[in-house]
Amino acid sequence: MKSVTRSLRVLEAVAQHQPVTVGELTKIFGLPKSTLQRTLVTLAEAGWLRANRKDTTRWEIGARVLAVRPAALQGSSLFAAAREPMVRLRDAVNETIHLSVPDALQCMVVVDRVDCDHPVRTFHTIGDTSPLHATAVGRAVLAHLPRRDIDDLIAAGLERFSDTTPVEPGELRAELDRIRTDGYAVNRNQYRPGVCAVAAAVLDEDGTPLAAVAVSMPEARYDGERTPKLGRLVADTAAEISHRRLGA
C-alpha cells in the first residue's frame, strides 16, 4: 500500500510542477532518485505520465489522466475554449463533435463530446483511445508534429485496421502533406467500419498540436462532395478554439 500511496503523491506532484525532472522530485520527497525513477517509469507504462516531448528528462501528465474525470478539464483553458465552438459546430452540421488530445505518439484520447440529435449517430465514450495514423484526429495532429516524431511512429510499425488504413510510409507521408495544405484530415472507414470523420488540429502559439476537433458521422451520411465545406468549418472551429485558448 505504501508504494500505491507514493505513486499517487508522485502523480500529484508531477501535475503541480510539470514538466518536472527526477532531481526536482527528489528535493520534494527526499527519496532516492532510483526509487522515484522506478515510480515514474511504472506510471508512464500505465499511461498516467509521459516524458516531455521537448525535454525527455522532464515528466508531465499523460492524456489518460484527462479521461478519468473529464469534469476536471472544465478549469483548463483548452476545455473552456473548446466547448462553445464545439456546440456551434454541432448546431451547424447536426453531427457528433469530438475533442481528442494526443498521449504522446501512443494514441489519441477522447476528452469531450457534443452529441447530435440523429437517432443513428457515431459514439465514442470519453476516454476512448485510437491510433494516430488510422484516424482523422490522429493524422490532424501528426501533420503538425516534427518529422522525427513521424519517423518514430512509422518505425514502430503501422497497424492495419481496414483495407484503407494508411500503413505504407509513403502513403501516410503524402496524406500528411495533403492535410497541411488543406487544413483538415479525413477518415473514411480507415479505423472503424462504417465510421467517417473530418478533423483539424488545435494549435498552441508555437504551432504545437494540443488537440484535434472532429465531426464524426456514420458512413451513410458521409458525402464526399461536402467534405471541403465540412473541412473548412472544422478548421475554422479548431482555429477559434486556439484563438480563445490564447485569450486573443
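Trainee: Which residues is histidine 98 in contact with, leaving aside its neighbours within four places in sequence?

Mentor: This is a predicted model. In it, histidine 98 is in contact with Met86, Val110, Asp112, Arg113, Thr122, His124, Ala212, Val213, Ala214 and Ser216. Contact here means heavy atoms within 4.5 Å. Histidine 98 itself sits in strand E4.

Trainee: Why is histidine 98 called buried?

Mentor: Its relative accessible area is 4%. The cut-off for buried is under 20%. Histidine 98 has 4%, so it counts as buried.

Trainee: Why is alanine 174 called partly exposed?

Mentor: Exposed needs over 50%, and buried needs under 20%. Alanine 174 has a relative accessible area of 45%, so it is partly exposed. The residue belongs to helix H8, residues 169-182.

Trainee: What separates the C-alpha atoms of alanine 174 and alanine 156?

Mentor: A distance of 19 Å. The two are 18 residues apart along the chain.

Trainee: What makes the phi of asparagine 94 worth a remark?

Mentor: Phi is near 50°, a positive value, and the residue is not a glycine. Most residues other than glycine have a negative phi. Asparagine 94 lies in the loop between helix H5 (77-93) and strand E4 (96-103).

Trainee: Where is asparagine 189 found?

Mentor: In the loop between strand E7 (185-188) and strand E8 (195-203). Asparagine 189 also has a positive phi, about 60°, without being a glycine.

Trainee: What kind of peptide bond joins glutamine 18 and proline 19?

Mentor: A cis bond, with omega about -10°. Most peptide bonds are trans. Proline 19 has its place in the loop between helix H1 (2-17) and strand E1 (20-21).

Trainee: Which strands form the open sheet of 3 strands, and in what order?

Mentor: The order is E1-E3-E2, with antiparallel pairing. E1 and E2 are the edge strands, since each pairs on one side only.

Trainee: How do you know that E1 and E3 pair?

Mentor: Pairing needs at least two bridges. E1 and E3 (residues 58-61) have 2 bridges, so they pair, in the antiparallel sense. Valine 20 stands opposite tryptophan 59 in E3. H1 packs on the sheet, touching E1, E2 and E3, and its direction makes about 100° with that of E3.

Trainee: In what order do the 6 strands of the open sheet run?

Mentor: E6-E5-E4-E9-E8-E7, with antiparallel pairing. Its edge strands are E6 (129-130) and E7.

Trainee: What makes E7 and E8 a pair?

Mentor: They are joined by 4 bridges and run antiparallel. At least two are needed, so E7 and E8 qualify. Asparagine 187 is opposite alanine 197 in E8. Helix H9 (residues 227-245) lies across E7, E8 and E9 (209-218), at about 35° to E8.

Trainee: Which residues line the second largest pocket?

Mentor: Arg50, Ala51, Asn52, Arg53, Thr56, Glu60, Ala104, Leu105, Arg148 and Asp149. Strand E2 (49-51) and helix H7 (147-156) each supply at least two of the lining residues. The space amounts to about 180 Å³.

Trainee: How many residues of that lining are nonpolar, polar and charged?

Mentor: The lining divides into 3 nonpolar, 2 polar and 5 charged. Arg and Asp count as charged, so Arg50 and Asp149 are among the charged residues.

Key:
Residues are numbered from 1 along each chain as its sequence is written. This is a predicted model: local features need pLDDT of at least 70, side-chain atom pairs count only at pLDDT 80 or more; totals for chains, interfaces and linings use all residues. Side-chain values use heavy atoms; hydrogens and water are left out. Buried means under 20% relative accessible area, exposed over 50%, partly exposed in between (1.4 Å probe, protein chains only). On a 1 Å grid over the protein atoms alone, a cavity is a set of points where a 1.4 Å probe fits but cannot get out, and a pocket is an open set with protein on both sides within 12 Å along at least five of seven lines; lining residues have an atom within 4 Å of a point. Grid points are joined across faces, edges and corners, and a volume is the space filled by probe spheres set on the points. Axes are lines fitted to C-alpha atoms, for helices over the stretch in contact, and angles run from 0 to 180 degrees between N-to-C directions.
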